[in-house]
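Here is a short briefing for a first look at a structure. Keep the sequence and the 3D view open as you read.

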Amino acid sequence: MRVPQMLPWVGDEEYQALRSCFEEAWITEGPKSDEFLRRLLELTGSRYGVFAPNGTLALYLALKAVGIGPGDEVLVPDTTFVASANAVEMVGATPVFVEVKRGCFHIDIASCERFCGPCTRAVMPVHLWGTAVEMDDVTAFAKQRDLVVVEDAAQALDVRYRGKHAGSFGQVSAFSFFADKTITTAEGGMVVTDDEQTYRRLLFLRNQGRLNRGSFVHPEVGYNFRITDMQAAVGLVQLGKLDEIKRRKARILEWYKNGLDGLPQVEFFRPPLRAEWIPFRMPLLCENAFDLMDHLKRHEVEPRSWFFPLHAQPGFVQLTRKQLSGAVPEDTFANAIYAYDHGVCLPTFPQLSKAQVDHVCKTIRAYYDAA
Ligand SMILES: *Cc1c(COP(=O)(O)O)cnc(C)c1O
């Protein structure tokens, strides 16, 4: 039985929605995008929003809109998808990696304190694994140090911390609608903010430095960050399926918990207490993680590791050495390293069947039984 890591849940409804774009002959950003944005802001509770071609460019746009640039440093958790740091590099600023907390593996404020310096301008909490960061700590730290909070909420649509939506705590935040995110438009991203000035900057930056499309007088320098109405049409259908997606992912989590119950070698990811969780992949911490993943692959299950610590990424390791003046002390990123060494992501997409989850659990049990 083949169990892929991920399959986007798209079908006939999305296809019909695409068709309507062609029938109405409106394919670029237009009425469907307006409607999709309105619905998304209703969901997230943010005042303003703009689309971006993908989550990485949404983060870039967010950082740029709040004036982060050359000479600035941004605190980025060591455990996250590399795009969080790449967006910082893209605006010409420098990512400074900080340790993550054991348990949720989200940004650690004690480590932020340690790495915060005279050039630090912003902190980027990443709402990793489809849950939310304990934002009270981040907000208090940022306030005390006078830092801008830029949230990476790529994985956190419809996820709240203490009843408030992820991405609505900081000055500006980014979401992604990539194929493996909670809802997808194939590619796509969104930036949200409650701050009117930031919103104006976003509008200028994404529309060639002007507010209106038809004019060729451009008060500022800007770029093109449009999406298409074809993506928005798909997004609207996906939003309609969001409750069902949540329901199915919750059910899959229960299947895994029952199927792996009592295995001492396997630990489930634990979201922060007051945060909601819509599993993005199914993160576990396992003994012999890499050997287990090889075993799963031999049984047609496609696992994923957790994210490789950013401080040690080939593209960033020189920077880390420079920041820490030489060798990186072994305990500096102990939790991020632990997460990578033990992390295994199991499949959790809405169409995944009980039989497939049973196969995955049986395969894992067989592996540890034989060890
Ligand atoms: C997916 C993701 C991104 C980037 O989004 P893209 O749409 O793939 O560019 C950034 N950060 C995190 C945490 C993500 O999961």
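The model is predicted.

**Cysteines**

- The disulfide count is zero.
- Cys 116 takes part in no disulfide, and its nearest cysteine sulfur, in Cys 112, lies 7.9 Å away.
- Cys 116 has 14% relative accessibility, so it counts as buried.
- Cys 345 counts as buried because its relative accessibility is 0%.

**Largest cavity**

- The structure contains three cavities of 30 Å³ or more.
- The largest cavity has a volume of about 90 Å³.
- Its lining is made up of 15 residues, and those closest to the centre are Met 6, Trp 9, Lys 181, Thr 182 and Pro 350.
- Eight residues of this lining are nonpolar, four are polar and three are charged.
- Domain 1 (12-236) and domain 2 (242-370) each supply at least three residues to the lining of the largest cavity.

**Second largest cavity**

- The second largest cavity holds about 50 Å³ of space.
- Gln 5, Met 6, Asp 180, Lys 249, Phe 280, Arg 281 and Thr 348 line this second cavity.
- By class, the lining of the second largest cavity has three charged, two polar and two nonpolar residues.

Key
Residues are numbered from 1 along each chain as its sequence is written. This is a predicted model: local features need pLDDT of at least 70, side-chain atom pairs count only at pLDDT 80 or more; totals for chains, interfaces and linings use all residues. Side-chain values use heavy atoms; hydrogens and water are left out. A disulfide is a pair of cysteine sulfur atoms within 2.5 Å. Buried means under 20% relative accessible area, exposed over 50%, partly exposed in between (1.4 Å probe, protein chains only). On a 1 Å grid over the protein atoms alone, a cavity is a set of points where a 1.4 Å probe fits but cannot get out, and a pocket is an open set with protein on both sides within 12 Å along at least five of seven lines; lining residues have an atom within 4 Å of a point. Grid points are joined across faces, edges and corners, and a volume is the space filled by probe spheres set on the points. Ala, Val, Leu, Ile, Met, Phe, Trp, Tyr, Cys and Pro count as nonpolar, Asp, Glu, Lys and Arg as charged, and the others, Gly among them, as polar. Domain bounds come from an automatic or database domain assignment.
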